[in-house]
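Please open the structure in a viewer and keep the selection panel at hand.

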Amino acid sequence: MTATKGLEGIVATQSAISSIIDDTLTYVGYDIDDLAENASFEEVVYLLWHQRLPKADELAEFKQQLADNMSIPQPVLDHFKTYPIDKVHPMAAVRTAVTLLGLYDENAEDMSDEANYEKAIKLQAKIATIVTAFSRIRKGQEPVAPKKDLGYAANFLYMLTGEQPQEIAIEAFNKALVLHADHELNASTFTARVCVATLSDMYSGVTAAIGALKGPLHGGANEQVMKMLMEIGSEDKVESFIREKLDNKEKIMGFGHRVYRKGDPRAKHLREMSKKLTTLRGEEKWYNMSQQIESIVTGEKNLPPNVDFYSASVYHSLGIDHDLFTPIFAVSRFSGWTAHILEQYSNNRLIRPRAEYIGPDMQKYVPINER
Ligand SMILES: CC(=O)SCCNC(=O)CCNC(=O)[C@H](O)C(C)(C)COP(=O)(O)OP(=O)(O)OC[C@H]1O[C@@H](n2cnc3c(N)ncnc32)[C@H](O)[C@@H]1OP(=O)(O)O
Ligand SMILES: O=C([O-])CC(=O)C(=O)O
């Protein structure tokens, strides 16, 4: 038995949800470029869960179901107030809140198909409220209740700020949600599938996935990218900063990918949005600095940017707090996680690989006073 480090290249399951073939990403066979230009996030969620696009009446009903399920139990809101608020990373808060939410779902343990689909709706609806409510409560603001007549992207921004968002912000945020929704067997989705393959419940599956997304080698990279841009501070400092990092063999956050070789197809959409939004905000420097970093890292290491790189300056331009970038990734990825959980349940087998043992051989127990 020989281990493959990081399971690189191992095909661990079959899935009909999304695919990455020759650097092209599709959701259920629809090219991500097509969906990014044309689809609403709700349509994409429906697509991932049903493996087909909704008809107009189905979409209207689906949007209504999401809007109807957005409010969260008062004890979950109250619980936020008990956190050591200035020390808690929002991803940790969200992880705890999602697990707490499970306690208030009387059908949490019901494993019927209908109950699991309903849980997926509830989770997708409520995660937007959890993230936005936590963001407000930690600033001493009251949470803002969702508006039933707003779409998902608009509602998120509305609940975050308490103000009707501008069309351009809704459009950009919707596109970002579409781009982050699913990505084959990435680390957090794999985590969710491993968890529920034991026939554990959906709340456990998404909680496990949040934990995996949080890390800086995965979803946590978008916050780190903004941290790096802030640390560099200005365009004239980019070159020396990045070259020093590369010389020290440090990783540049937002670059590289386990699967893509030529480039992440989502990055170009975010690059374009970054240019547009930073310009509108009069803060082109974040885009210019990002471009400079891209040209150095691509030139020196042949590593293209991934989805996390330009999403940083996009979210920053939307006025979003930097430590909310990864929770926002989670808001979108809930759709993919729940789609994969439903798929796993529908054709389940325990996921249990083997380890190549490299420890010492057959040792004899030594009594404690002889060690
Ligand atoms: C949504 C997402 O999860 S997208 C990914 C988000 N994560 C990041 O942006 C973090 C930075 N990137 C990375 O750490 C990696 O590229 C990963 C984790 C995404 C992929 O990792 P792997 O496929 O395991 O590649 P691995 O980490 O083994 O790197 C291979 C080589 O490329 C180098 N490398 C990979 N990424 C980077 C990077 N961002 N900056 C500099 N060098 C890098 C490594 O140092 C290594 O070099 P070596 O062979 O000389 O030691
Ligand atoms: O697929 C991966 O390894 C990481 C990624 O890009 C994602 O989850 O969107």
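**Before selecting.** This is a predicted model, in which local features need pLDDT of at least 70 and side-chain atom pairs count only at pLDDT 80 or more, while totals for chains, interfaces and linings use all residues. Residues are numbered from 1 along each chain as its sequence is written, and chains are lettered from A and ligands numbered from 1 in the order in which they are written.

**Select the whole protein chain.** The chain has 16 helices and three strands; these are DSSP runs numbered from the N terminus, helices being H or I of at least four residues and strands E of at least two. Its radius of gyration is 21 Å, close to the 21 Å that the globule rule gives for 371 residues, so the chain is as compact as a globular protein of that length. This radius is taken over C-alpha atoms, and the rule is 2.2 Å times the number of residues to the power 0.38. The C-alpha atoms fill a box of roughly 70 × 55 × 45 Å along the principal axes. Of the 371 residues, 44% are buried. A residue is buried if 20 or more other C-beta atoms lie within 10 Å of its own, exposed if 12 or fewer, and partly exposed in between, with C-beta atoms placed from the backbone.

**Colour the two domains.** Domain 1 comprises 16-215 + 323-346, and domain 2 comprises 221-317; such bounds come from an automatic or database domain assignment. Between the two domains, 17 residues of domain 1 are in contact with 19 residues of domain 2, contact meaning that the C-beta atoms, placed from the backbone, lie within 7 Å. Which elements give two or more residues to the domain 1 side? They are strand S2 (24-27), helix H1 (32-38), helix H8 (167-180) and helix H16 (325-346). H8 supplies the largest share, five residues.

**Select the nonpolar core.** The largest core has 100 residues, of which Val44, Val94 and Val206 touch the most other members. A nonpolar core is a set of buried Ala, Val, Leu, Ile, Met, Phe, Trp, Tyr and Cys residues joined through C-beta atoms within 7 Å. H16 gives this core its largest share, ten residues. Both domain 1 and domain 2 give residues to this core, so it lies between them. Now centre on Val94: leaving aside neighbours within four places in sequence, Val94 is in contact with Ile130, Val131, Phe134, Ile210, Pro327 and Ala330.

**Select the ligands.** Around ligand 1 there are 18 residues, the closest being Ala221, Lys251, Phe255, Gly256 and Arg258. A residue is near a molecule if its C-beta atom, placed from the backbone, lies within 6 Å of it. Ligand 2 is surrounded by His183, Asn186, Arg258, Val259, Asn306 and Val307.

**Select single residues.** Tyr30 is in strand S3 (residues 30-31) and counts as partly exposed, with 17 C-beta neighbours inside 10 Å. Next, find Lys249 in the loop between helix H12 (238-247) and helix H13 (267-280). Is Lys249 buried or exposed? With 6 C-beta neighbours inside 10 Å, Lys249 counts as exposed. Lys249 has a positive phi of about 60° although it is not a glycine. Most residues other than glycine have a negative phi. Finally, go to Met362 in the segment after H16. Met362 also has a positive phi, of about 25°, and is exposed, with 4 other C-beta atoms within 10 Å.
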